[in-house]
Amino acid sequence: MSATTLGSPRGSERRRARNRSPEPGGASRVQASQVLAMAFLFVMGLYFLLPVWWLVVSSTKTTGGLFSSFGFWFGHSFALFTNVRGVFTFEGSIFIQWILNTILYAGVGAVVGTLLSASAGFALAKYRFAGRELVFSVILGGVLIPGTALALPLYLLMSKFGLTNTIWSVLLPSMVSPFGVYLARVYAGSSVPEELLEAARVDGAGEVRIFRTIVLRILSPALVTIFLFQFVAIWTNFFLPLVMLSSTRLYPITLGLYTWNTQYGQTPNLYAYVVTGAMISVIPLIVAFLSLQRFWRSGLTAGSVKL
Amino acid sequence: MSTAAVVTTEEVAPQRARVRRGRSSRKIAAPLLFLTPFLLLFAVFILIPIGYSIYISLFSVSTSGLGLSGATSQHFVGLHNYGTALTDPAFTSGVLRMLLFGVVQIPVMLGLALTCALLLDWGRVKLRRFFRLAFFLPYGIPGVLAAILWGFLYVPGISPIVSILGHTPVGHVDFLGQNLALWSIANIVTWEYTGYNMLIIFAALQALPRDLFEAARLDGATDWKVATRVKIPLVFPALVLTGVFSIIGTLQLFSEPEVMRTLSGTITSTYTPNLMAYTQAFTFNNPNYAAAIAVLLAVGTFILSFGFLKFTQRRAAAAVA
């Protein structure tokens with residue numbers, strides 16, 4: 001409502017309506033609960049942000065500083081740049097390799113995986129064929145299978161073909177996302193109009209061309225959502241690379257930092273490197289995905305409609 | 001689509017016929033074409049490993065001769081590995097530990113998530129966007145890095161939390177000791193996933209029709225009543241979804257205890273069933289036994305999450321009736 005209506009008869013009516021609050025003293029009680037709610041949210045905010053704040057502050061400290069200064073505030077020295085240089089040059093600059101590997105596994109894995117999910121989800125939403133519901137149920141069942149229960153037999157199978165300790169052993173399994181198919185089916189079902197497909201067919205377009213030029217374009221916001229989910233799923237998946245990879249040159253960042261985290265005995269400086277390495281890998285990702293937050297929400301809405 | 005404009009009526013008729021004739025073969029061919037790439041990978045990386053896992057769990061490896069140089073042979077043992085697991089105190093105590101963990105951690109986390117979601121959905125609270133972002137942020141941090149990070153916040157000497165508590169009447173707190181280690185892990189998991197679950201519930205709340213709340217308010221319902229009597233029942237499916245995901249996550253617990261193992265003597269290599277499977281496969285070189293544990297874990301997850309779904313559905317049905 002615009003400000004011009006204020007003071008007009010309708011405005012005063014609104015004011016009266018507000019005064020007609022359900023019970024006497026309601027206004028002060030609402031105010032009290034408002035304060036309480038804000039206090040609760042602030043405490044929760046502190047809980048979620050303080051560890052990240054600790055990470056940022058600690059990445060400016062030397063290993064000695066980590067032990068000798070108060071954790072939630074800066075120390076005497078500002079060693080951030082020394083730490084960053086240390087992280088990037090330690091063990092023959094392997095950290096850079098880890099960053100590239102992570103981008104390969106999570107980035108390429110999620111892009112290909114999203115396209116596979118979109119095509120499968122589209123087929124399940126827009127074509128009627130025998131066994132469609134069965135196929136969908138089996139795929140949905142895949143959501144419930146713990147990923148870690150799959151990694152072990154997968155390792156044994158892959159070692160038979162000499163595929164363990166290769167980029168394929170992490171990249172290929174990461175492309176399969178049953179949840180992505182589920183999301184794609186929900187989106188395609190609700191946002192790709194039947195008439196449009198029919199019209200394109202009448203125009204003589206083949207099914208593949210329809211999918212490439214029409215369906216993918218309509219689904220593009222949904223594809224971003226599916227991509228984000230899969231990207232984070234691969235980026236946070238620790239068990240698969242741990243099981244599959246033995247050569248450090250193939251590690252993603254998570255596995256690399258995990259290894260450094262177990263080697264403090266040999267290299268005390270690693271404390272500062274692990275903290276700074278974690279900071280470097282976490283901050284850009286947080287910025288990226290917070291700025292894409294609306295895509296998360298739309299995906300989560302779709303995820304909770306059906307179940 | 002511009003081609004349609006130049007098609008004359010004479011041309012349309014045969015084209016239509018062609019489309020119709022092609023339809024029946026296309027009916028199978030097109031969806032097959034779109035499904036095959038995914039299903040191929042799904043079969044190779046999900047179905048076949050499940051089958052293989054079940055298969056090798058029925059075998060056992062024995063070494064003939066005198067240990068070191070003896071040849072190994074596989075022989076069929078049926079359900080023997082399952083029997084071993086179910087009577088292995090290391091396995092059963094790991095399972096019980098996860099159940100205890102889940103019974104406490106999941107309600108706490110979902111309670112916090114629901115409260116935050118309801119508050120952020122409530123029009124009278126300020127800074128809603130900021131809080132939403134802040135709560136969701138840990139979800140982008142992998143479990144390993146979260147565990148490394150929290151590990152620093154638990155270790156005396158580095159942890160500012162331990163040093164602050166040391167100056168209060170609480171005194172020295174041993175976050176990594178026998179009494180607290182499990183709950184220190186629970187705290188990491190809560191920190192990571194509360195915001196994610198909050199966002200699922202929040203999205204469901206936002207999708208509800210607003211005039212419903214207006215109607216309830218006009219009928220004299222307070223905001224509190226709107227929240228508890230209208231909003232919570234309506235977002236119940238979202239709560240069930242978060243519940244199922246949390247159960248799956250809890251039974252899979254691995255990264256956090258694995259990282260904390262270097263910090264705490266209490267956390268052994270059999271602390272969680274998953275950790276035990278990993279240890280059996282890679283430290284003790286017993287993939288058959290590890291496969292049996294993995295299968296039991298998957299079956300347990302299935303039973304628990306389906307059981308939970310059925311239970312909540314029945315309760316929802318009872319509430320409606």
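Trainee: How many residue pairs are in polar contact between chain A and chain B?
Mentor: First, this is a predicted model, where local features need pLDDT of at least 70, side-chain atom pairs count only at pLDDT 80 or more, and totals for chains, interfaces and linings use all residues. Residues are numbered from 1 along each chain as its sequence is written, chains are lettered from A and ligands numbered from 1 in the order in which they are written, and side-chain values use heavy atoms, leaving out hydrogens and water. A polar contact is a pair of N or O atoms within 3.5 Å; within protein, one must be able to donate a hydrogen and the other to accept it, and residues adjacent in sequence count only if both atoms are side-chain atoms. With both residues at pLDDT 80 or more, the count between chain A and chain B is eight.

Trainee: Which helix gives the largest share of the side of chain A that touches chain B?
Mentor: Helices here are DSSP runs (H or I, at least four residues), numbered from the N terminus. The largest share is 17 residues, and it comes from residues 26-58 of chain A, helix H2.

Trainee: What area is buried between chain A and chain B?
Mentor: Buried area is the accessible area (1.4 Å probe) that two parts lose on being put together, summed over both. Carbon and sulfur atoms give 80% of it here, and the total is about 9,200 Å².

Trainee: How many salt bridges does the rule find across the interface of chain A and chain B?
Mentor: The rule wants a side-chain nitrogen of Lys or Arg within 4 Å of a carboxyl oxygen of Asp or Glu. The structure holds eleven salt bridges over all chains. Across the interface of chain A and chain B, though, the count is zero.

Trainee: Which residue forms a salt bridge with Lys126(A)?
Mentor: The closest N and O atoms of this pair are 3.5 Å apart, and the partner of Lys126(A) is Glu194(A). The pair links distant parts of the chain, 68 residues apart: Lys126(A) sits in helix H4 of chain A, and the partner in helix H9 (residues 194-202) of chain A is Glu194(A).

Trainee: Are H4(A) and H12(A) roughly parallel or antiparallel to each other?
Mentor: Axes are lines fitted to C-alpha atoms over the stretch in contact, and angles run from 0 to 180 degrees between N-to-C directions. Angles under 35 degrees count as roughly parallel, over 145 as roughly antiparallel, 65 to 115 as roughly perpendicular and the rest as oblique. The axes of H4 (residues 80-126) and H12 (residues 253-261) of chain A come within 8 Å and cross at roughly 150 degrees. So H4(A) and H12(A) are roughly antiparallel.

Trainee: And how is H4(A) placed relative to H13(A)?
Mentor: H4(A) and helix H13 (residues 270-291) of chain A have axes 9 Å apart and pack at an angle of about 95 degrees. That makes the two helices roughly perpendicular.
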